[in-house]
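Welcome, and thanks for taking a look at this one with us. Please have the sequence and the 3D view open side by side as you read.

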Amino acid sequence: MPHTFRRTVATLLDQAGVPIAQIADQLGHADPAMTASVYLGRDLMGDKPSVAEHL
């Protein structure tokens, strides 16, 4: 259950525009990429489908 709450906190912070590095720090992660992939379900490269629209 605690993992669910951590994911919720990460999501709410992300939606509020908090930089990924600060979210990672808040969760105690050394690597923001891990925070993005595990807790936010995406990587640091951004939204690939929206980029594909422009190709």
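Here is a short tour, from the overall fold down to single residues.

This is a predicted model. The protein has four helices and zero strands, and along the sequence they give the pattern α-α-α-α. Of its 55 residues, 16% are buried.

**Overall picture**

- Counting contacts between residues at least 6 apart in sequence, 33% link residues at least 24 apart.
- The largest nonpolar core is made of five residues: Ala10, Ile23, Leu27, Tyr39 and Leu40.
- As general background, nonpolar side chains tend to be buried together in soluble globular proteins.

**Helix α1 and what follows**

- Helix α1 covers residues 2–15, which is 14 residues.
- From first C-alpha to last, α1 reaches 20 Å, close to the 20 Å expected at 1.5 Å a residue.
- After α1 comes Gly17, with a positive phi near 90 degrees.

**How α2 meets α3**

- Two packed helices are described by the angle between their axes and the distance between the axes.
- Helix α2 spans residues 20–27, and its axis comes within 8 Å of the axis of α3, crossing at roughly 85 degrees.
- An angle of 65 to 115 degrees counts as roughly perpendicular, and α2 and α3 are therefore roughly perpendicular to each other.
- On the α2 side, the contact uses Ile20, Ala21, Ile23, Ala24 and Leu27, while α3 brings Pro32, Thr35, Ala36 and Tyr39.
- Sorted by class, this contact of α2 with α3 holds eight nonpolar residues, one polar residue and no charged residues.

**Thr35, a residue of α3**

- Thr35 sits in helix α3, which runs over residues 32–39.
- Is Thr35 buried or exposed? Thr35 counts as buried because its relative accessibility is 0%, and the cut-off for buried is under 20%.
- Setting aside residues up to four places away in sequence, Thr35 touches Ile20, Ile23, Ala24, Leu27, His29 and Leu40.

**Tyr39, a member of the core**

- Tyr39 belongs to the largest nonpolar core and also takes part in the contact between α2 and α3.
- Beyond its neighbours within four places in sequence, Tyr39 is in contact with His3, Arg6, Arg7, Ala10, Thr11, Leu27, His29 and Met34.

- Ile20 lies in helix α2, and its relative accessible area of 21% makes Ile20 partly exposed.
- How many residues apart in sequence are Ile20 and Ala36? They are 16 residues apart in sequence, and their C-alpha atoms are 7.2 Å apart in space.
- Pro32 is placed in helix α3 and counts as partly exposed, at 24% relative accessibility.
- Between Pro32 and Gln22 the sequence separation is ten residues, and the C-alpha to C-alpha distance is 8.4 Å.

Conventions:
Residues numbered from 1 in each chain as written. Predicted model: local features only at pLDDT ≥ 70, side-chain atom pairs only at ≥ 80, totals over all residues. Heavy atoms only, no water. Helix = DSSP H or I, 4+ residues; strand = E, 2+ residues; numbered from the N terminus. Expected span 1.5 Å × (residues − 1). Buried < 20%, exposed > 50% of the residue type's maximum accessible area, 1.4 Å probe, protein only. Contact = heavy atoms within 4.5 Å. Axes fitted to C-alpha atoms, helices over the stretch in contact; angles between N-to-C directions. Parallel < 35°, antiparallel > 145°, perpendicular 65-115°, else oblique. Nonpolar A, V, L, I, M, F, W, Y, C, P; charged D, E, K, R; others polar. Core = buried A, V, L, I, M, F, W, Y, C linked by side-chain atoms within 4.5 Å.
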